[in-house]
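Please open the model in a viewer and keep the sequence at hand.

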Amino acid sequence: MAKIFTPTNQIRLTNVAVVRMKKAGKRFEIACYKNKVISWRNNVEKDIDEVLQTHTIFTNVSKGQVAKKEDLVKAFETDDQTEICRRILAQGELQISDKERHSHLDSLFKDIATIVTDKCINPDTKRPYPVSMIEKAMRDVHFSVKPNRNSKQQALEVISLLKESIPIERARMRLKVVASGKEARKVREKVTQLAPTIEQEDWTGGTLSIVCLIDPGHFRAVDEIVKSETRGSGSLELLDLKEVTEGDELLE
């Protein structure tokens, strides 16, 4: 009885999510597990073996056609298939059905709105907006979700766009800075340049204690000021992650 011959350049896979990239005039595809590509791009999944069904590069996953080594070297300047997989994962286009694409974009839209709600407040009331209101505002400014970018990056873009239509700003951090000696005044001078609101300021026995509000983006700068100016003798304490007025939370 004749043996069944399977071409060595063909690999059959089932239940796959395909990520495709065109480069140097050729099409390259990788076979991934569904839902893992998004987790990888959002830095939730760290293990590439959990994302890839195989480290093989294809020209056509559905037909099981494997890319030639010379084509890989020409396009990517390497034949390291794992490295090429990483590049395709980062820059390639996820091939999904229209129904799956719509579901993914809808989920991403809600994730972005939730992040904005968590990180921002209405500066007039000092309270967060309901997620439903943020979603409406995102539609009003015609925000378009980018499927290949993670929700945190897009949330920062949304905040800038929403400022055109509603009063919104990043919720500020409440910090306590303590410094003593001759460096204390220099610390105060530099910190107050980054902190628009000083809630408390106290000098006792030559030691400065400041409670202030800062934009979260300035936290590292303030931390560096305290460390460098006091040479480690000062301290920085995070009192509250978000400046929100006490009272009943808004419900959707």
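Select Leu89 first: this residue is buried, with a relative accessible area of 0% (buried means under 20% relative accessible area, exposed over 50%, partly exposed in between, with a 1.4 Å probe and protein chains only). Leu89 is found in helix H3, where helices (H or I, at least four residues) and strands (E, at least two) are DSSP runs numbered from the N terminus. Display its surroundings: not counting residues up to four places away in sequence, Leu89 touches Val19, Ile30, Cys32, Val37, Trp40, Arg41, Ile48, Val51 and Leu52, contact meaning heavy atoms within 4.5 Å.

The model is predicted: local features need pLDDT of at least 70, side-chain atom pairs count only at pLDDT 80 or more, and totals for chains, interfaces and linings use all residues. Residues are numbered from 1 along each chain as its sequence is written, and side-chain values use heavy atoms, with hydrogens and water left out.

Next, select Phe28 and Phe76. The structure holds one aromatic pair, and these two residues form it in an edge-to-face arrangement, 5.2 Å centre to centre with 65° between the planes. Rings of Phe, Tyr and Trp (its six-membered ring) pair if their centres lie within 6.5 Å; planes under 30 degrees apart count as stacked, over 60 as edge-to-face and the rest as tilted. Phe28 belongs to strand E2 (residues 26-32) and Phe76 to helix H2 (residues 69-76), so the pair ties together parts that are 48 residues apart in sequence. Both Phe28 and Phe76 are buried.

Continue to Glu77, in the loop between H2 and helix H3 (81-91). Its phi is near 60°, a positive value in a residue other than glycine. Glu77 is exposed, with a relative accessible area of 73%.

Then select Asn43, in the loop between helix H1 (36-41) and strand E3 (58-60). Asn43 also has a positive phi, about 65°, although it is not a glycine. At 49% relative accessibility, Asn43 counts as partly exposed. For context, most residues other than glycine have a negative phi.

Finally, show Arg185 with Trp203. The charged end of Arg185 sits over the ring of Trp203, 4.6 Å from its centre; the criterion is NZ of Lys or CZ of Arg within 6 Å of the ring centre and within 35 degrees of the ring normal.
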